[in-house]
Amino acid sequence: MTAAVALVLVSHSALIAEGLRDLAGQMAPGVEIVPAGGDPAGGLGTSVDRVTVAIEQAAADGRQVLVLTDLGSAVLTTEMVLELLDEGVAARVRLADAPLVEGAVVAAVEAAGGGDLDTVRTAAERAGAAAAPAPDEVTQDGPAPHEAAQDGPAQDGPAQDRPAQDGPADSGTISGQVTVKNPLGLHARPAAVLSRMMAGFDASVQVNGVNAASVLELMQLGATQGQVLALSATGSQARAAADAFIGAVDEGFGEI
Amino acid sequence: MAGSLGVDWAVAWTRRTAQVIGEHRDELIELDRQIGDGDHGENLTRGFAAVVAKLDGLAEPPADPGEVLKLVATTLMSTVGGAAGPLYGTAYLRAAKVTGVPELDAHGVVALLEAGLEGIVARGKASPGEKTMVDAWTPAVEAAVAAADQGASPAAVLAAAAEAARAGAEATVPLLATKGRASYLGERSIGHQDPGATSTALILAAAAETAA
């Protein structure tokens with residue numbers, strides 16, 4: 001089954017576009033990701049023709065398409081293509097104002113989770129804020145006491161844009177702890193698994209103060225084997241979400 | 001020929017542009033290497049060479065200047081890998097839309113240049129003073145308008161535009177780049193002539209030369 005939203009990755013470098021296709025694709029099976037890197041002669045640059053073909057391939061079967069780009073002329077090239085494309089296709093394509101790597105990873109995970117074009121685009125564009133300097137209060141020794149609280153740390157970007165974090169006062173908060181068991185810790189693949197899983201619940205889940213539905217925030221925790229994760233969940237499915245999270249971490253993502 | 005410019009001029013202009021860009025390839029590469037990614041000379045040379053090959057391969061001669069400019073636009077878009085592809089591509093495409101007539105008088109030439117500038121601004125969203133092609137195109141259009149208003153011939157309008165573009169390109173030397181790849185260099189972009197403004201001056205010089 002293919003996701004309804006496909007991605008096109010426009011880079012000056014064919015290697016970047018292809019490598020990123022692999023990286024993002026690893027975390028989002030079933031999402032069509034089409035690289036469009038390099039200039040018409042195979043050097044560094046961007047190509048109107050290549051981007052056109054990539055978008056048409058991505059948009060096949062009625063799919064919607066999010067295009068992510070690197071430096072300036074990649075944006076110009078993509079805008080030019082969108083102007084020249086058949087209107088029926090162009091109407092299903094959006095250009096994300098997002099960092100290429102982080103944006104593509106987040107968008108792929110979001111698309112794999114069944115998000116529509118606006119959701120995928122918004123997630124990608126927020127990846128820029130989430131990619132801000134890593135939180136220094138998240139230590140390898142586990143969470144400081146305040147991090148398990150509901151008001152996440154200030155460094156994690158536009159809090160008002162996130163799922164409500166202040167849910168039903170105290171009464172509705174489910175708390176829990178789980179120790180990371182797999183040797184590699186919460187690297188990209190487990191983070192993608194967890195964030196997709198959390199997105200499926202009607203619940204807001206915070207782990208060590210970050211949004212558990214955000215693949216980037218989970219990865220940025222840098223949680224390693226043996227680290228204790230403190231969980232707090234609110235919302236109508238808070239219990240189920242917390243149990244699923246704890247269960248998945250406890251099972252070690254098939255790596256143990 | 002003196003009173004207006006037709007398809008023969010458009011073809012001659014295009015061929016001369018390919019020649020001039022080829023002759024200045026190394027200079028453009030060097031300018032772009034100083035404040036950009038060094039591909040401008042190579043990209044444009046390749047693009048205009050492809051345009052000439054397309055012109056040579058046409059089964060029928062183009063009907064009007066607009067048809068020539070459209071061929072330039074689509075070919076540059078497909079063959080120029082840097083920002084210059086979409087920027088010049090859009091400029092030529094917009095210019096083609098206002099030149100689908102047999103002959104251009106002075107006001108027709110002004111319309112061509114204005115449409116080109118609009119295309120570049122629409123695509124690149126740059127304003128004058130940001131050390132880009134716009135800094136050559138803007139004075140060129142202003143000079144063309146002034147010349148046409150004074151009753152100049154199409155050739156004289158182009159000569160005025162070309163001279164203003166050349167001066168505009170030279171005037172980019174002290175500017176601080178705030179758009180395009182050179183903007184990543186910040187203060188270090190000061191003291192170098194912008195390669196995009198330089199290629200614009202070359203293209204307009206070719207237009208004037210072939211109209212004279």
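**Figure 1. The open four-stranded sheet of chain A.** In this predicted model, chain A holds an open sheet whose four strands follow the order β2-β1-β3-β4, with parallel pairing. The edges belong to β2 (33-37) and β4 (93-95) of chain A; each has a single partner strand, so one side of each is left without a neighbour in the sheet. On average, neighbouring strands here are turned by 20° against each other, direction ignored. As a reminder for the view, strands of a sheet pair through backbone hydrogen bonds, either parallel or antiparallel.

**Figure 2. A closer look at β1 and β2 of chain A.** Strand β1 of chain A covers residues 5-11, and five bridges join this strand to β2(A) in the parallel sense. Which residue of β2(A) is the bridge partner of V10(A)? That partner is A36(A).

Figure 3. Helix α5 of chain A, made of residues 100-112, lies across β1, β2 and β3 of chain A, and its angle to β1(A) is about 170°.

**Figure 4. A loop residue with positive phi in chain A.** Follow the chain from α2 to β3 of chain A and you will find D61(A) in the loop between them. Its phi is near 60°, a positive value in a residue other than glycine. Is D61(A) buried or exposed? With 73% relative accessibility, D61(A) counts as exposed.

**Figure 5. N208(A) in its loop.** N208(A) sits in the loop that links β6 (204-207) and β7 (210-211) of chain A. Because its relative accessibility is 0%, this residue counts as buried. Have a look at A230(A) too: 22 residues separate A230(A) from N208(A) in sequence, while their C-alpha atoms are 5.3 Å apart in space.

**Figure 6. The aromatic cluster of chain B.** Ring pairs link W9(B), W13(B), F48(B) and Y92(B) into a cluster. Over all chains, the count of aromatic pairs comes to three. One of them is the stacked pair of W9(B) and W13(B), with 5.1 Å from centre to centre and 15° between the planes. Both tryptophans belong to helix α1 (residues 7-23) of chain B, and because they are four residues apart there, about one helical turn separates them. W9(B) and W13(B) are both buried.

**Figure 7. Where chain A meets chain B.** How many residues of each chain are in contact? The view takes in 17 residues of chain A and 20 residues of chain B. Together the chains bury about 1400 Å² between them, with 54% of that area on carbon and sulfur atoms.

**Figure 8. Salt bridges between the chains.** Four salt bridges are counted between chain A and chain B. One salt bridge brings together the side chains of R123(B) and E83(A), at 2.8 Å from N to O.

**Figure 9. K125(B), a loop residue of chain B.** K125(B) is placed in the loop between α6 (106-124) and α7 (134-149) of chain B. Its phi is near 55°, a positive value in a residue other than glycine. With a relative accessibility of 47%, K125(B) counts as partly exposed.

How values were computed. Residues are numbered from 1 along each chain as its sequence is written. Chains are lettered from A and ligands numbered from 1 in the order in which they are written. This is a predicted model: local features need pLDDT of at least 70, side-chain atom pairs count only at pLDDT 80 or more; totals for chains, interfaces and linings use all residues. Side-chain values use heavy atoms; hydrogens and water are left out. Two strands pair if DSSP finds at least two bridges between them. Helices (H or I, at least four residues) and strands (E, at least two) are DSSP runs, numbered from the N terminus. Axes are lines fitted to C-alpha atoms, for helices over the stretch in contact, and angles run from 0 to 180 degrees between N-to-C directions. Contact means heavy atoms within 4.5 Å. Rings of Phe, Tyr and Trp (its six-membered ring) pair if their centres lie within 6.5 Å; planes under 30 degrees apart count as stacked, over 60 as edge-to-face and the rest as tilted. Buried means under 20% relative accessible area, exposed over 50%, partly exposed in between (1.4 Å probe, protein chains only). Buried area is the accessible area (1.4 Å probe) that two parts lose on being put together, summed over both.
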